[in-house]
Amino acid sequence: MTATVELDEVGRRYGATWAVDAVSLALEPGVVGLLGPNGAGKTTLLRMIATALAPSRGRLSVFGLDPALPRQRTEIRRRLGYLPQEVGFPRGFTAFAFVDYVAVLKEWTVPGPRHAEVRRVLEAVNLGALGAKRIRALSGGQRRRLGLAQALLGSPALLVLDEPTAGLDPEQRAALRAVLAELGRTALVVLSTHQTDDVAALCERVVVLDGGRIRYDGGVTELVERAAGRVWLADQPDPAAPVSWRTGTGRYRNLAEQAPAEAELVEPSLEDAYLLLRGQSATPARAS
Amino acid sequence: MSAWHVDDDALARWVDGTETFARAASSEAHLLVCAPCRTRVAAAVRAQPSRGERAELPEFEAVWGNVRDVIELPRVSAFERLLRRVGLPPADARLVTLAPSFRAPWLAGILLVLAFVVVAAQFGPGRGQAIFLMVAPLLPCLAVALSYDPSIEPALETELATPYPALRLVLLRSLAVLGIGLPAAAAASPFLPGNVSYLWLLPSLGFVGCVLAASTWTTPLSAAAGISVAWFLIVVGTALAGSAHAVLRPAYLGGYLTLAAASVVVLLARHRHLRQPQEGGGWV
């Protein structure tokens, strides 16, 4: 059976630099999180999956279709919702007018059903009462949710979301997680984020990118387990630890192979596991 | 609270709207101060036998939907109505008039033309004509380029991932820009010093076609910039050799028409390569 999204040795080059280099993935319905530092290639990878950018090499297939072929690309886009990292809003528009405009581009040609769908997605991101408000009068978090609303039009089978929780307050993030978790039951949701707790709360699978290459691809639980036995709370920072920081309690969280003096072993979090992975060699690793 | 209460029949008549004015006023005055009677109003409304047969009470959802329509739906502009009247499907008409980058370019184009008419008028017939011919034919192609260039269009990344055909979008916007820009520019011509015929519209048409065709290789704005530089040199050269008006000689006019026709052929043949080269090239 064909995966919803398949990448086979896909790469994307800007000048002499490979932003994404020989990435191979097969993604099935569910919520998949992309983690990685700035410049890791997350946005480039998402743009290729969203058919906004052509790979420089390799084979990309979405719904078993080839985005290099115009007709198949159009068919992919009919089943796709995409939230770019930075949504350019025509600021004179109202929230409703913007989503309505994208809905027309997404082939919602009949006004009645289109307006109902626009209202549905605005309600889904808790902007139902702000449809008539000008975009320039919306807060950053509200604009982010507006960008997400247009991506939800038509309940797409593939949602590509580049940092959907950026700029949202904790309450909004929780509400958004609920929306995405529900979507992930039937659709493939691929999201990038810098928030490891978003990934821990939402995703069954996580892909860690660094330098355009996959450093980890597997379950969230498996990644967390890799850090088991290597997270220590101590009164002093451990000079030997690759990563160490002072927590809110005044104690130091040390990520180290060996126990620091008078340290207490604690349960690892996804953030610990991610930081440990980042601190390791650049050798690609797989969970299974 | 009083000991007297509105009796059932009077309440039913008040609810039904069949009570006399004086008795209705009396009942209303009592209802304002009597909570027990007020609680009977809802039951009296439900008990109205004629309710189902009267004019249907509007559904709340429908009323609310209509109110939201009035508040939320973007208003249909006169230009959108015009586009629908000339046969454009409503969704396409909406797309053209709502296009984020649409309004500014054509407004700027019209203002520029008017500004150049004023400027050209200060230089007398010879130089005035040269300035006008240097600028006016380029405005439509610049407006078209601006209406679909990645550096200008704020929502382009979002638009890129939709199934709407890029060629159709480009042509719709181009036609809309031309539909407003060309008549405005043409209307300004008679106010120029000297005699500048409307023939300048022909190179203008050729340049617009050229921008669209060149957009299958590069960005619309780069194409328009290249054309602008070339045209500027041609007009200056012609003006130095005698009169700038020579660029509208019959021999040249045929060339402009050929350019327009060839551009259409190229655009149709290569429309699948229409692209917005963001950071090195993507699909449209």
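Modeller: Happy to! A salt bridge here is a side-chain nitrogen of Lys or Arg within 4 Å of a carboxyl oxygen of Asp or Glu. By that rule, 3 salt bridges are counted between chain B and chain A. Please keep in mind that this is a predicted model. One of the bridges pairs A:Glu123 with B:Arg68, whose closest N and O atoms are 3.4 Å apart. Those two residues also belong to a network of salt bridges, together with A:Arg119, B:Asp69 and B:Glu72.

On chain B, the elements that give two or more residues to the side touching chain A are helix 4 (60-72), helix 6 (90-98), helix 10 (156-160) and helix 11 (166-188). Helix 4 of chain B provides the largest share of that side, 5 residues. Sorted by class, the side of chain B that touches chain A holds 17 nonpolar, 7 polar and 10 charged residues.

Now for the contact as a whole. Chain A brings 45 residues to it and chain B brings 34. Between them the chains bury about 3,400 Å², with 62% of that on carbon and sulfur atoms. Polar contacts join 6 residue pairs between chain B and chain A, both residues at pLDDT 80 or more.

How values were computed: Residues are numbered from 1 along each chain as its sequence is written. Chains are lettered from A and ligands numbered from 1 in the order in which they are written. This is a predicted model: local features need pLDDT of at least 70, side-chain atom pairs count only at pLDDT 80 or more; totals for chains, interfaces and linings use all residues. Side-chain values use heavy atoms; hydrogens and water are left out. Contact means heavy atoms within 4.5 Å. Buried area is the accessible area (1.4 Å probe) that two parts lose on being put together, summed over both. A polar contact is a pair of N or O atoms within 3.5 Å; within protein, one must be able to donate a hydrogen and the other to accept it, and residues adjacent in sequence count only if both atoms are side-chain atoms. Helices (H or I, at least four residues) and strands (E, at least two) are DSSP runs, numbered from the N terminus. Ala, Val, Leu, Ile, Met, Phe, Trp, Tyr, Cys and Pro count as nonpolar, Asp, Glu, Lys and Arg as charged, and the others, Gly among them, as polar.
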